[in-house]
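Subject: Structure handover

Hello,

I am passing a structure on to you, together with notes on what was found in it. Please keep it open while you read.

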Amino acid sequence: MPRYNAPFEIHVHGDVALRSDVTFDQIQEALKPLWAYSGAKSLADGATSTYEEEPGIRFEQKEHMLQMCWTVPGDDDFRQALDEMCMALNELSERGAAIEVTFYDTDFDEEEGDPDEESRDDFLMLFVGPNPAAIMQVQRDLLVEDVVNLMERHFDGAELGGVVAEIDRLFSDRFDALVNSLEIGKRPRGTGGSGSGGGHGGGRRPRHLH
């Protein structure tokens with residue numbers, strides 16, 4: 001049912017590569033926690049975002065890519081829907097992917113509100129993938145990107161090889177701690193230090209800026 005007085009606007013953003021054999025019915029079922037939360041009766045009905053300028057939820061069949069830039073009004077109970085969605089997408093994904101989720105406090109007015117009042121904004125970075133190694137690879141790449149982008153303000157990129165190597169060591173140690181009990185494929189490995197995109201935290205995030 002519609003949530004007219006919801007305390008949050010919740011924005012879900014990310015691209016997930018899906019296996020070539022995945023069908024639309026499987027995608028619809030995997031995303032049911034999202035579109036059902038919005039009060040829709042199907043993915044086609046619920047794929048439209050609250051904001052017209054956002055593309056919503058789309059499946060690019062040629063690239064086998066699920067694209068999400070979708071906002072829904074909601075509450076903290078949306079987190080359960082996110083957990084269910086991620087578990088389902090793990091089964092359909094071709095490789096690891098990150099999904100950004102931002103909770104915007106609808107009652108907070110940054111310009112006219114009490115200067116001592118803090119917003120209830122929250123930001124989550126979720127990960128999906130066909131196995132834990134694929135998920136760890138995405139986590140590693142994002143961390144390297146963030147650390148390098150931060151440190152390049154003070155150091156030349158060529159000087160940061162040791163930092164990247166240390167991050168790789170930490171992820172290798174985590175992999176080794178899991179491999180005794182799980183069969184999770186290849187270790188995460190380095191794919192370069194820098195790339196496009198901003199940081200993943202700090203301050204109030206701009207609304208719908210992608």
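The protein chain exposes about 12300 Å², of which carbon and sulfur atoms supply 48%; accessible areas come from the Shrake-Rupley method with a 1.4 Å probe, and for residues only the protein chains shown count as cover. This is a predicted model, in which local features need pLDDT of at least 70 and side-chain atom pairs count only at pLDDT 80 or more, while totals for chains, interfaces and linings use all residues. Residues are numbered from 1 along each chain as its sequence is written, and side-chain values use heavy atoms, with hydrogens and water left out.

Of the 210 residues in the protein chain, 37% are buried (under 20% relative accessible area, whereas exposed means over 50% and partly exposed lies in between, with a 1.4 Å probe and protein chains only).

The structure holds eight salt bridges, each being a side-chain nitrogen of Lys or Arg within 4 Å of a carboxyl oxygen of Asp or Glu. One of them joins D105 and R120 at 2.9 Å, N to O. D105 lies in strand β4 and R120 in the loop between β4 and β5, so the pair ties together parts that are 15 residues apart in sequence; strands are DSSP runs of E with at least two residues, helices runs of H or I with at least four, numbered from the N terminus. D105 is buried, at 2% relative accessible area, while R120 is partly exposed, at 41%.

Another salt bridge links E166 to R169, with the closest N and O atoms 2.6 Å apart; these residues are three apart in helix α6, about one helical turn.

Best wishes
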